[in-house]
Amino acid sequence: QRQMCKETENILLADKQPGLICHPDENEKVNTLLTHVRAYLYQKGFRGANGFQPVLVNRIDRFTGGLVICAKTEEAMHILNAKIRSHELTKLYLAAVHGAMRPADGTLDSCILKDAARSRVSVLHKEAPGAQRAVTHYRVEQAAGGRALIRLRLETGRTHQIRVHMAHIRHAVVNDPLYGWKKDHFPIKGQALHSHTSVSYTHLRAHE
C-alpha cells in the first residue's frame, strides 16, 4: 500500500518506487506495480464492471520513481489514453544531471533506435528502419557544483527517452546505471530521475 498516492472513483495515482517494474514480464510475475495496485483494490472490495481489471495508462522505467496513472474503469482508460495521445495530458519529470547545461532551456529532437537484445536505445543522426522520433523539452531549475536540476516534458514517450537524450548531449542523469558515468559519486541512492506530475497541456502553456 505504500505505492498508493491518491485515488478517486475512476483513477488511482501510484507513487512507484525505483527498482520496481510496472508490468509483469518473463522474469517477474508478482512483484510489479500493476499486481500491487490490483491487490490493493481487490482487498478493498473493488470489482470492475463487466470483468474489467484496472490498468496502467502510462509506464516508467524500472529505476525511475514517481507518478504512474491507473484507470479503474474502462471508460477512464479510454479517456486517459485519448488525452495522452492528443497531448492534452502531458507528463513532467525532474532529473539531476551532470554539467552546467547551456542553453538553460531547449528541445532535444532526434530519432532513437531500440536494441531489444541489449535492452537499451541509441540516438541516431538520421532516420533508419525501426527508429522512432523522440522529442524532449527541458528547463534548468537550479545549477551548482557541476550538476543541474532540470524539469522535463515529454512530447513523445519512447523507451529510455530522457536518459538516452541527456547522455547523448553529455549531461547524463546522475546515477543512471545504463547510460550514465561509470563512476558516479553523487551522494544519493538510485537514479536521479522522477516522474513528477501529469498536467493538462493547456494549463501548462498558460503558466510558462
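User: Which residue forms a salt bridge with K44, and how far apart are the closest N and O atoms?
Analyst: K44 forms a salt bridge with E7, and the closest N and O atoms are 3.1 Å apart. Please note that this is a predicted model.

User: Where do K44 and E7 lie?
Analyst: K44 lies in the loop between α1 (33-43) and β3 (55-56), while E7 lies in strand β1 (residues 4-7), so the pair ties together parts that are 37 residues apart in sequence.

User: Is K44 exposed or buried?
Analyst: K44 counts as exposed, because its relative accessibility is 51% and the cut-off for exposed is over 50%. E7 counts as partly exposed, at 29%.

User: How many salt bridges are found in the whole structure?
Analyst: A search of the whole structure finds nine. One of them is formed by the side chains of R133 and D109, at 2.5 Å from N to O. R133 belongs to strand β8 (residues 132-144) and D109 to strand β6 (residues 105-115), so the pair ties together parts that are 24 residues apart in sequence. R133 is partly exposed, with a relative accessible area of 45%, and D109 is likewise partly exposed, at 43%.

User: Which residues do salt bridges with shared partners join into one network?
Analyst: That network consists of E7, K44 and K72.

User: Changing topic: what about disulfides, how many are there?
Analyst: The count comes to zero disulfides. As for individual cysteines, C70 is buried, with a relative accessible area of 0%. C111 also counts as buried, at 16% relative accessibility.

User: Back to the overall fold. How many helices and strands are in the chain?
Analyst: The chain has four helices and ten strands. Along the sequence, they follow the pattern β-β-α-β-β-α-β-β-β-β-β-α-β-α.

User: What percentage of the residues is buried?
Analyst: Buried residues make up 40% of the 208 residues in the chain. The accessible surface of the chain comes to about 12,100 Å², and 50% of that surface belongs to carbon and sulfur atoms.

User: And what share of the contacts comes from residues 24 or more positions apart?
Analyst: Among contacts with a separation of 6 or more, residues 24 or more positions apart account for 58%.

User: Let us look at α1. Which of its residues are buried?
Analyst: The buried residues of α1 are L33, L34, V37, R38, Y40 and L41. They cover an arc of only 160 degrees around the axis, which puts them on the same side of α1.

User: What comes just after α1?
Analyst: Just after α1, G45 takes a positive phi of about 95 degrees.

User: Which residues touch the most other members of the largest nonpolar core?
Analyst: Within that core of 31 residues, L33, V97, I150, L152 and M166 touch the most other members. The elements giving two or more residues to this core are β2 (11-16), α1, β4, β5 (89-98), β9 (147-154) and α3. The largest share, five residues, comes from α1.

User: Where is there another core?
Analyst: Another core, of eight residues, lies apart from the largest one, and its members include F52, I69, M77 and L80.

User: What does V97 touch?
Analyst: Leaving aside residues up to four places away in sequence, V97 touches R147, A148, I150, M166, H171, A172, V173 and V174.

Definitions and conventions: Residues numbered from 1 in each chain as written. Predicted model: local features only at pLDDT ≥ 70, side-chain atom pairs only at ≥ 80, totals over all residues. Heavy atoms only, no water. Buried < 20%, exposed > 50% of the residue type's maximum accessible area, 1.4 Å probe, protein only. Contact = heavy atoms within 4.5 Å. Areas by Shrake-Rupley, 256 points an atom, 1.4 Å probe, with all protein chains shown as cover. Disulfide = S-S within 2.5 Å. Salt bridge = Lys/Arg side-chain N within 4 Å of Asp/Glu carboxyl O. Arc of directions from axis to C-beta. Core = buried A, V, L, I, M, F, W, Y, C linked by side-chain atoms within 4.5 Å.
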